[in-house]
Amino acid sequence: MDKISIVSLLTVSFPETLLFTLLAVILVGKANLLKNRIFIIRLLVYSIISTVAFYFIRPYVENIVENIIVSLIMYSLLFIFIMGFRVYEAVLTAFISIVLVVVIEILYMEPYLAIRGIKIEQVYESDLHRFLLT
């Protein structure tokens, strides 16, 4: 996979992780947890740990299938150990968050590339393009 800069990590990856995790938690039916301050703190800790972990794992992931498998395993474990979810809740929430990322990136990527007149490689090489796309 591509190398991500610290700027992209802070301005793109962390907010993206936080947002998609929040959406997945809501879609799984755990929206009532959002009223709990401890859960919000756990959500922030989860987002920080998953963003930092994936920053270090990313250079070793060769393709999108490996990326999805590693993400599913890592997110599920983090949901179990940090968020306190049951195994089936953790796997379902991780799966939903990954599907959300993939679907939204697919929906936004083609129009963005066409409007900007650039190739996908240029998006991943530029912090500005990553930020605008997200």
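In which helix is the place of Val-70? Helix 3, which spans residues 64–81, is where to find it. This is a predicted model, in which local features need pLDDT of at least 70, side-chain atom pairs count only at pLDDT 80 or more, and totals for chains, interfaces and linings use all residues. Residues are numbered from 1 along each chain as its sequence is written, and side-chain values use heavy atoms, leaving out hydrogens and water.

View 1. Helices here are DSSP runs (H or I, at least four residues), numbered from the N terminus. At 29% relative accessibility, Val-70 counts as partly exposed (buried means under 20% relative accessible area, exposed over 50%, and partly exposed in between, with a 1.4 Å probe and protein chains only). Setting aside neighbours within four places in sequence, Val-70 is in contact with Phe-54 and Ile-57 (heavy atoms within 4.5 Å). Take a look at Arg-58 too: its C-alpha is 9.7 Å from that of Val-70, with the two residues 12 apart along the chain.

**View 2. Thr-17 in helix 1.** Helix 1 covers residues 6–27. With a relative accessible area of 12%, Thr-17 is buried. Not counting residues up to four places away in sequence, Thr-17 touches Tyr-46, Ser-47, Ser-50 and Thr-51.

**View 3. Aromatic pairs.** The structure holds five aromatic pairs. Rings of Phe, Tyr and Trp (its six-membered ring) pair if their centres lie within 6.5 Å; planes under 30 degrees apart count as stacked, over 60 as edge-to-face and the rest as tilted. Tyr-55 and Phe-56 have ring centres 5.2 Å apart and planes at 80°, so this pair is edge-to-face. Tyr-55 is buried at 18% relative accessibility, whereas Phe-56 is exposed at 54%. For Phe-79 and Phe-85, the centres are 5.4 Å apart and the planes at 10°, so the pair is stacked.

**View 4. An aromatic cluster with a lysine.** Phe-39, Tyr-46, Tyr-75, Phe-79 and Phe-85 form one aromatic cluster. Both Phe-79 and Phe-85 are buried. The charged end of Lys-30 sits over the ring of Phe-85, 5.1 Å from its centre (NZ of Lys or CZ of Arg within 6 Å of the ring centre and within 35 degrees of the ring normal).

**View 5. The end of helix 4.** Helix 4 runs over residues 87–116. Its buried residues include Met-109, Tyr-112 and Leu-113. After helix 4 comes Gly-117, whose phi is positive, near 65°.

Note on methods
Helices (H or I, at least four residues) and strands (E, at least two) are DSSP runs, numbered from the N terminus. The expected span of a helix is 1.5 Å times one less than its number of residues.
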